[in-house]
Amino acid sequence: MSSPTPPSVPRIRPRGRPVVIAIDGPAASGKSSTAKWVAQSLRYRHVDSGSLYRAVTAARERLGDSPESWTEPSVLAVTSTVSLQPTDHSFIPLLDGELAEAEIRGSKVTREVSRVARMPTVRNWVNEEVRRVARGHDVVVDGRDIGTVVFPDADLKVFLVADPWERAKRRLVQRYSRKPSDAEIAEETERLVQRDSKDATQTVQARDAVLIDTTYLTQTEQVDRIVALARAVTARPGDTSPVDDQ
Ligand code: DC
């Protein structure tokens, strides 16, 4: 006689379907670095969806005209020059077939990327690219709307938040590899809060996401928590090491 499954028992994914772990949250909440380490721990591939918006922005900037004149079709047209290349642990964007990491992460792109990320046809293109690469691999995808729009059926959804001051401090430590002054942190906090408001419409916590406030967590603690959650939700009956057979 079978009894109903209690709600606390993790969902069992069908054998064979690739796993999707969605990590969303605001700028500098630690999504990308955490997602990268989670992917490495689980031997999944990391997809940074923000890097695609950045790559499209960089591609459009290469045309040289003022961002104020960018129309949505003209931005959508340059998506044909952007592709995602698989590496051991990730998919990384290529621009015209080449790595352009410095350009993609540079201040010019950072200034204009929200404008591009608000364009619905560009969002559709990014979402389809991410879904396409996730068809063949277990993935950890980070972004703003992964758990709500891109993968509403993700196996695990995590929404990371952190105090803006802490986010600003982390960002500066990463950028300068030194302890920033309070004045520098205050300035960066202001910038982050402005970016949060520009990206607010897209940054949505799914109702079934696990909320993790990372303000007082180390990177290792964040990664360990998410890996433990992932192992729980991807466990199969009889598995001793649920994610090692990918
Ligand atoms: O996380 P990031 O700073 O690299 O993101 C770059 C931009 O892309 C930022 O404006 C937010 C936007 N973005 C988005 O709208 N949806 C996503 N899934 C990922 C990023």
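At what angle do helix α2 and helix α5 pack? In this predicted model, local features need pLDDT of at least 70, side-chain atom pairs count only at pLDDT 80 or more, and totals for chains, interfaces and linings use all residues. Residues are numbered from 1 along each chain as its sequence is written, and side-chain values use heavy atoms, without hydrogens and water.

Helix α2 (residues 49-61) and helix α5 (residues 107-117) pack at about 105 degrees. Their axes, lines fitted to C-alpha atoms over the stretch in contact, are 8 Å apart. Angles run from 0 to 180 degrees between N-to-C directions. Helices are DSSP runs (H or I, at least four residues), numbered from the N terminus. α2 and α5 are therefore roughly perpendicular (65 to 115 degrees). In contact (heavy atoms within 4.5 Å), Tyr-53, Arg-54 and Val-56 are among the α2 residues that meet α5. The α5 side includes Lys-108, Val-109 and Glu-112.

The ligand is surrounded by 16 residues (a heavy atom within 4 Å). The closest are Arg-54, Arg-123, Arg-144, Asp-145 and Arg-195. Helices α2, α5 and α9 (182-199) each supply at least two residues of this shell. α2 gives the most, with four residues. The shell divides into four nonpolar, five polar and seven charged residues. Nonpolar covers Ala, Val, Leu, Ile, Met, Phe, Trp, Tyr, Cys and Pro; charged covers Asp, Glu, Lys and Arg; the others, Gly among them, are polar.

A side-chain N or O atom of Asp-145 is 2.9 Å from a ligand nitrogen atom. Arg-195 places a polar side-chain atom 2.7 Å from a ligand oxygen atom.

Note on methods:
Parallel < 35°, antiparallel > 145°, perpendicular 65-115°, else oblique. Polar contact = N/O pair within 3.5 Å; in protein donor to acceptor, adjacent residues only side chain to side chain.
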